[in-house]
Amino acid sequence: MDRVPPYLQVHQDEYTILFNTVLINVTGFFRDQESWVQLRGEIIPQMISAKKPSETIRIWCAGCATGEEAYSIAMLLADILGPEEFRDRVKIYATDVDDEALAIARQATYGEKETRAVPADLLERYFERSGTRYVFAKDLRRGVIFGRNDLVQDAPISRVDFLTCRNTLMYLNAETQSRVLARFNFALNDIGVLFLGKAEMLLSHGQLFTPLDLKRRFFRKVPRAVPGLGVISSGNSARNALRELLGADRLQTEALLTAPVATIVVTDDGTVAGVNQRAEALFGISTRDLGCPFLDLDLSYRPVELRPHLEEVRRDRRPVWIRDVEWPRSPGEKLFLDLQVVPLISADGQHAGAAVFANDVTRYRKLQDELEYANRQIETAYEELQSTVEELETTNEELQSTVEELETTNEELQSANEELETMNEELQSTNDELQSINDELRERTDQLNDANAFLESILRSLRSGVIVVDSDLVVRVWNRQSEDLWGLRPEEAVGQHLLNLDIGISTDQLRPLVRQVLNGGDEPEELLVDAINRKGRSVQVRVGASPLVYRAGQTAGAIVVMDQIVT
């Protein structure tokens, strides 16, 4: 039965949007600090001591989200092994189904908020500061491999020494969790360790994992004689029923259940007794259908009517083939299947049921069609070949002539190459001249900086308050004595209109003096005014103004000098 919504069948790109909506990518560096302390102090040292010095250490970080957890493990291993040995021995595979989260993880850049949990010494050793963000060390980044992996459907990464999957299983139902944990058991080495999140427990999966530290969620793999990676049927009753039907031992049963050919086992009374993973993927059958009447399943009549064939097998006790079954599985997708119904005979010679095997031969059917088309093309091509041979003889003569022309062209290219070498030498000379000009500009810049510093020191050394304004009375210079007199810092005054500043001199007294200088007065102007200084005291201030004249003789502003008269 097809359990995928029709809309998703037609719009495959909607899967990504659905995943991003449903999944919550919550992660962080060294999340749950106590667990990481034990990981560094006990788990990792034990894992390393169990390996030979030359053996590769393989880590799988499943459900890695934006990568913080994978990089946290990388930092611990690099700290224990040393960066050089880490690069030689460690491979960390970080997987997720969220492509957007993987894109962020591959960039390996994080802000101050994300790196707040990283200890200061690790942050300094394994991150580089880039503006406001931190970039994980490039030489260690090559040891972390990111990729997309669906824990439910895709094959697991094998031969893993340590597997972390934190707060991911809680999104799955009990049946799917069992399948994923069976994959984890297959992926880990015999002494491999599984690291889960605080929201996850394995109390009902003691045949797969035994706890090392239940509080901190560390589990040791329980080695199995036969991996259950491909087993779909759950529960002892279905498994035992299948063993009785087949009269086989466990190894034979497991081999059938993990076979790459879609297999459905039906008892003599028409009950579904077993399915394998391939049958689930192809027909949508799952363990929920175990124990149901086969006639209630869509498979009994779609893509082909199987009920009469089951009766035929039961009656004649011989296999029946149904070849080239065409199945329009979804709009735009057509499959071709070869079905075989095989009788199952019990140990006492009685008919115990039947097994339905479905081979997807779509690819072979396409190859057959392509082969027939190719044969027709070959016949046409042979006729064309005869004509082409004659043309090739004529073309051979033309090629001979072309070779001679190419020899001439080669000589011309050689000459052009010599000219390019000459031009390259000229460009090199020009580059040297530009370098010399660049050095001179750098020297002029240093001189300008020295001059500006010298001018600044002069303004600071004057005992008078000096204010320089442009022709629009906008303040350009405000020295320290002006700050002491009026209480305004340079950053508050520079860029403001002089007459808008809140200082203790009346603008009615100051405006005429400055305006007269800007309007072309050649002689310095000076007046004595009453004012209030920054301490709120009444004082007398001598104010003088002089024009600011450029070399062209134009007045570009005014220089206002203020001195407090001490009585």
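This is a short talk on side-chain contacts in one predicted model.

Some conventions before the contacts. Because the model is predicted, local features need pLDDT of at least 70 and side-chain atom pairs count only at pLDDT 80 or more, while totals for chains, interfaces and linings use all residues. Residues are numbered from 1 along each chain as its sequence is written, and side-chain values use heavy atoms, with hydrogens and water left out.

I start with the salt bridges, of which the structure holds 33. The criterion is a side-chain nitrogen of Lys or Arg within 4 Å of a carboxyl oxygen of Asp or Glu. One of them joins Arg87 to Asp139, with the closest N and O atoms 3.0 Å apart. That pair links distant parts of the chain: Arg87 is in helix 5 (residues 83-89), Asp139 is in helix 8 (residues 138-141), and they are 52 residues apart. Helices here are DSSP runs of H or I, at least four residues, numbered from the N terminus. Arg87 has a relative accessible area of 39%, so it is partly exposed; buried would be under 20%, exposed over 50%, and partly exposed is in between, with a 1.4 Å probe and protein chains only. Asp139 is also partly exposed, at 30%.

Next, a bridge inside one helix. Arg125 and Asp121 meet at 3.8 Å, N to O. They are 4 residues apart in helix 7 (residues 120-126), so about one helical turn separates them. In helix 14, Arg442 and Asp439 are 3 residues apart, again about one turn, and their salt bridge has an N to O distance of 3.0 Å.

Now the rings. How many aromatic pairs does a search of the whole structure find? The search gives 12. The rule takes rings of Phe, Tyr and Trp (its six-membered ring) with centres within 6.5 Å; planes under 30 degrees apart are stacked, over 60 edge-to-face, and the rest tilted. Phe30 is buried at 6% relative accessibility, and Trp36 is buried at 2%. Phe29, Tyr71, Tyr110, Phe127, Phe136 and Phe146 form one aromatic cluster.

Last, the cysteines. With a cut-off of 2.5 Å between cysteine sulfur atoms, the search finds 0 disulfides. For Cys64, the nearest cysteine sulfur is that of Cys61, 5.5 Å away. Cys64 is buried, at 2%, whereas Cys292 is partly exposed, at 27%.

Technical notes. Helix = DSSP H or I, 4+ residues; strand = E, 2+ residues; numbered from the N terminus.
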